[in-house]
Amino acid sequence: MSSKTVTIKLSSGLEARPIAMLVQIASQFESSIYMEREARKVNAKSIMGMMTMGLNAGEQVTVIANGSDEENAINELEAFLSGN
């Protein structure tokens, strides 16, 4: 299991369209992937779960992945959340 804390640098934060893109990216990986903030942990492959997080630009979230491609998953999600 790997994890990394990432600062959200998307100007709009995580609204509907960026969340849909994030879920699409997360769903490409076999690993289980979760986002955690303030003791709240949500499956990153669940669009409804991610919508409940209410993440804004400048906030930090921990990306947690567990599986055969966990490092790649974390790197891809970090790049997306960083606006790259």
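Which residues does Ile-33 touch, not counting residues up to four places away in sequence? The contacts of Ile-33 are Ala-26, Val-42, Asn-43, Ala-44, Lys-45, Val-63, Ile-64, Ala-65, Ala-73 and Leu-77. Contact here means heavy atoms within 4.5 Å. The model is predicted: local features need pLDDT of at least 70, side-chain atom pairs count only at pLDDT 80 or more, and totals for chains, interfaces and linings use all residues. Residues are numbered from 1 along each chain as its sequence is written, and side-chain values use heavy atoms, with hydrogens and water left out.

Four strands form an open sheet in the order 1-4-2-3, with antiparallel pairing. Strands (E, at least two residues) and helices (H or I, at least four) are DSSP runs, numbered from the N terminus. Two strands pair if DSSP finds at least two bridges between them. Strand 1 and strand 3 (40–43) each have a single partner strand, so one side of each lacks a neighbour in the sheet. From one strand to the next, the twist averages 25 degrees.

Six bridges join strand 1 to strand 4 in the antiparallel sense. Thr-5 has Thr-62 of strand 4 as its bridge partner. Helix 3 packs on this sheet and touches strand 1, strand 2 and strand 4. The direction of helix 3 makes about 5 degrees with that of strand 1. Axes are lines fitted to C-alpha atoms, for helices over the stretch in contact, and angles run from 0 to 180 degrees between N-to-C directions.

Strand 2 runs antiparallel to strand 4, with five bridges between them. Strand 2 and strand 3 form a hairpin with two residues between them. Glu-38, in the turn, has a positive phi of about 50 degrees.

Side chains alternate along strand 2. Ile-33, Met-35 and Arg-37 point to one face and are buried. Buried means under 20% relative accessible area, exposed over 50%, and partly exposed in between (1.4 Å probe, protein chains only).

The largest nonpolar core has 25 residues. Such a core is a set of buried Ala, Val, Leu, Ile, Met, Phe, Trp, Tyr and Cys residues joined through side-chain atoms within 4.5 Å. Leu-14, Leu-22, Ile-33, Met-35, Met-50, Val-63 and Leu-81 touch the most other members. Helix 1 (16–26), strand 2 (32–37), strand 4 (60–66) and helix 3 (70–81) each give two or more residues to this core.

Leu-77 lies in helix 3. Leu-77 counts as buried because its relative accessibility is 0%. Beyond neighbours within four places in sequence, Leu-77 contacts Leu-22, Ile-25, Ala-26, Ile-33 and Val-63. The C-alpha atoms of Leu-77 and Val-6 are separated by 9.0 Å, although the two residues are 71 residues apart along the chain.

The model has two salt bridges, each defined as a side-chain nitrogen of Lys or Arg within 4 Å of a carboxyl oxygen of Asp or Glu. Glu-78 and Lys-4 form one of them (3.0 Å, N to O). This pair links helix 3 to strand 1 (residues 2–7), 74 residues apart. Glu-78 is partly exposed at 22% relative accessibility, and Lys-4 is partly exposed at 35%. Glu-59 forms a salt bridge with Arg-37, the closest N and O atoms being 3.3 Å apart. Glu-59 sits in the loop between helix 2 (47–51) and strand 4, 22 residues from Arg-37 in strand 2.
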